[in-house]
Amino acid sequence: MEQKKQERQFTTLLTAHRRQLYAFIYSLLTDHTDAEDVYQRCSMILWDKFEQYDSECEFLPWAMGIAFYEVKNFQRVSSRDRHHFSEQLLNQLFERMQNGKSVQNVQLSSLEKCLKSLRQKDLWLVQQVYWERRKCASVAQELGLKINALYDRVGRIRSQLRNCVLRRVSEVEHAG
């Protein structure tokens, strides 16, 4: 019974932070295929080490620490390819990300709230263009729009989201 509870907790945490963890890995590798491979290996390692996870701490920083070392291991193994960051640069990036994680957390939670405040059709458009990475021409055709009209609409949504995030971050900074 305890095993099921642990599996459920792990699945919930990993699912909740999947995009952020993948984005972190991708920011260090800059290749989607490599990032996906490392993410998959990292997910298995996280499960293997989940008994060591302290539930009093945040999951994402713990997972990012493990992912960081998995990225380093991946780069060491594939070091023949010159398209990877040096280990020194990786360490610097990781330190900066760790120092800025509270700011990033505020920005991410603000973005999540701002996304929830979008009209349903605007949220769908964001999902198609950014999350699903569909080609704009395909989305424009599906909506019966000219491609420039779609670009304008996406641009307005991005501006709306940017302004919303900036406003929320500012509110948090002034409250704290």
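Me: Which handedness does the crossing of H7 and H8 have?
Reply: Right-handed. That is, the near helix is turned clockwise from the far one by less than a right angle. This is a predicted model, where local features need pLDDT of at least 70, side-chain atom pairs count only at pLDDT 80 or more, and totals for chains, interfaces and linings use all residues. Residues are numbered from 1 along each chain as its sequence is written, and side-chain values use heavy atoms, leaving out hydrogens and water.

Me: What angle do H7 and H8 pack at?
Reply: About 150 degrees, with the axes 9 Å apart. Axes are lines fitted to C-alpha atoms over the stretch in contact, and angles run from 0 to 180 degrees between N-to-C directions. H7 is residues 120-131 and H8 is 136-143. Helices are DSSP runs (H or I, at least four residues), numbered from the N terminus.

Me: Which residues meet there?
Reply: From H7, Trp124, Leu125, Gln128 and Val129. From H8, Cys136, Val139, Glu142 and Leu143. Contact means heavy atoms within 4.5 Å.

Me: Switching to H1. Which residues are buried?
Reply: Gln6, Phe10, Leu13 and Leu14. Buried means under 20% relative accessible area, exposed over 50%, partly exposed in between (1.4 Å probe, protein chains only).

Me: What do they pack against?
Reply: H2 (18-29), H3 (32-49) and H4 (59-77).

Me: And what is exposed on the other side of H1?
Reply: Lys4, Lys5, Arg8, Thr12, Thr15 and Ala16.

Notes: Helices (H or I, at least four residues) and strands (E, at least two) are DSSP runs, numbered from the N terminus.
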